[in-house]
Amino acid sequence: MVTPQEIRRLERLAAEMRLQIVRMMGPGKAHHFGGSLSAADLVTALYFYKMRFDPANPSWPDRDRFLMSKGHSVPAQYAALAMLGVLPLEELATLKQLGSRLQGHPAMHYTPGLEGCTGSLGQGLSYANGLALAARLQGRSYRVYCLLGDGELHEGQVWEAAMTAPQHRLTNLTAIVDQNGLKAMDAVAAAKDLEPLDERFAAFGWAVRRIDGHNMAEICAALDWATSQSERPAAILARTVKGKGVSFIENQVAYHNVALTEAQHAAAIAELTARLQEVTGCQSA
Amino acid sequence: MPERVETRVAYGEALLALGRARQDVVVLDADLYRSTRTVLFAEAFPERFLDLGIAEQDMVSTAAGLAASGLIPYCNSFAMFITARCYDQTRIQIAYPGLPVKLVGSSAGLTQGPDGASHQSLEDISLMRGLPNMAVVVPADDVETHQATFAIAGWPGPVYLRLGRYPTPRLFDESYRFEVGRMVRMRDGGDLVLFACGHMVAKALEAAELLARDGLQARVVNVSTIKPLDAEPVRREAAGVQRAFTVEEHSIIGGLGSAVCEVLAEEARVPVTRLGVRDQFGESGLADELLAKHGLQPEGIRSSVLRALG
């Protein structure tokens, strides 16, 4: 059971992460705001609550691994790595600039703390299976977490990987679906409806739990549930809001990958700053 | 008559020996292990063998994760599928970060034979050569295949190893030492040079004997590493001849012929004729029939040389 104080600490960190995400993206340049913001609470819980990870030694062989399979949301991971001190906070502003270590999509050979290369959707879960199988072969106890988008589940390879993990009883693997309901152009269900997604994962042999992906207590409980599985890999289906935290972006498919105006960016920063003050105040009260 | 062995068969035995020598080698297959001959490794080292089923994309992405963890994965399927079916996965997850995954394409080229165009890889070298960081190795016989199977384990990046199911004569003795990136002159001659790879090295050597009767001395070079391909040895082997020829069981677009032309166009003034499949798909037939149809039997190579030299 996670204490209320711990939940409030994590909520404050999530609020800070959202602020870092929107700050690093800045105005005037197209960025994937929606998916990074929808994933922020999940990424916060992984790095600041769940994962065994030493920021001073991000390549420690026994670290838990996090793979951002929905690679366009990597700014959330960059923010986490910077908040942990793996990257300098001021480096976040170099996102996607020529010469930056922070590529538009995850590149393990550019950025310390990244575990693989993604960006073409649908490939990450297979890769995460490889990381989890390697732990078994090498007698290591680390765990692997893979974050997928719900639109990404349209890719057939995800279901190849979804068959592989239970086949090999990869109980050291947790798949998390950031189920914000939107893909780049439209609702996910407008092209290929995923539901009943819990039954689909269960039919493939996974232990499945649905949660509110913005409720920190539910997220932490689900992660603890996932790592208590002894027979099957765990899938956490996290219902989220695309663009969560910036009201005019929330649930707007048009904000999948856009440039904010100066005024919009300032409004977003103001809203996220107010939220951070709110949760910080709550903590000190 | 020298012994004839399929390079895929030599690979299966080499992989078994490699498994004994190196604990970090893991082998993945996509439901073709008796054909790719990884079955020998699978029986000896079941804990280091994974059959991912008929799922090549899942296989190579899983291999990338294993390689990122310090293992040396050998991924196996038919050449067409291990290159084309999972090209995007190989590009982003393996070639881009330079992970040491070894992609092994079996039953490559026209000599795959009766299964027809779907299974005859004539573009695989082109696909793999275009990827940054990817090395491309096409051994000519069983001895070189054995050597290459071991050598690529120590190569720091990804490798595409192209193998065939066509019995081919032994060209090297056991003292031969393959090195990634080193071409080997197999026959001396001052009138023309035949650059060949894979099964076509033996065919080129036979063609050279026919040409000798025509009064032409052909130099024959085994380009078993198509990438990386240093300019200097290509230029040196093409020096002093009337014309260079490339011979490959592959499209003349993007493979050995293209690689040699790129060097010679930039670095030398030697005309080049590319022998191979002329921008077509394959079709069902026997291996020898198909090679003959595309001018890749010794007599066909001889005819093309005589035509080009006028």
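**Notebook: chains A and B**

I began with helix 4 of chain B: 13 of its 13 residues are buried, so the helix is largely enclosed by the rest of the structure. I call a residue buried when 20 or more other C-beta atoms lie within 10 Å of its own, exposed at 12 or fewer, and partly exposed in between, with C-beta atoms placed from the backbone. The model is predicted: local features need pLDDT of at least 70, side-chain atom pairs count only at pLDDT 80 or more, and totals for chains, interfaces and linings use all residues. Residues are numbered from 1 along each chain as its sequence is written, while chains are lettered from A and ligands numbered from 1 in the order in which they are written.

**Helix 4 of chain B.** I checked its span. Residues 56-68 reach 18 Å from first C-alpha to last, close to the 18 Å expected at 1.5 Å a residue. The expected span is 1.5 Å times one less than the number of residues. Just after this helix, B:G70 has a positive phi of about 100 degrees. Helices (H or I, at least four residues) and strands (E, at least two) are DSSP runs, numbered from the N terminus.

**Strand 2 of chain B.** I looked up residues 25-29 next, and 5 of the 5 are buried. Both faces are covered: B:V25, B:V27 and B:D29 lie on one side, B:V26 and B:L28 on the other. In a regular strand the side chains alternate between the two faces of the sheet. I then traced the partners, counting strands as paired if DSSP finds at least two bridges between them. Strand 4 (residues 72-78) runs parallel to strand 2, joined by 5 bridges, and B:V25 stands opposite B:I72. Strand 3 (residues 49-51) is also parallel to strand 2, through 3 bridges. There, B:V27 has B:F49 as its bridge partner.

**Core.** I defined a nonpolar core as buried Ala, Val, Leu, Ile, Met, Phe, Trp, Tyr and Cys residues joined through C-beta atoms within 7 Å. The largest has 191 residues, and those with the most contacts inside it include A:Y78, B:C75 and B:F195. Helix 1 (residues 4-25) of chain A gives the most to this core, with 10 residues. I listed contacts of B:F195 beyond four places in sequence; among them are B:V221, B:F245 and B:V260. Contact means C-beta atoms, placed from the backbone, within 7 Å.

**Contact between the chains.** I found 23 residues from chain A and 21 residues from chain B in it. Helix 4 of chain A gives the most to the chain A side, with 10 residues.

Note on methods
Contact = placed C-beta atoms within 7 Å.
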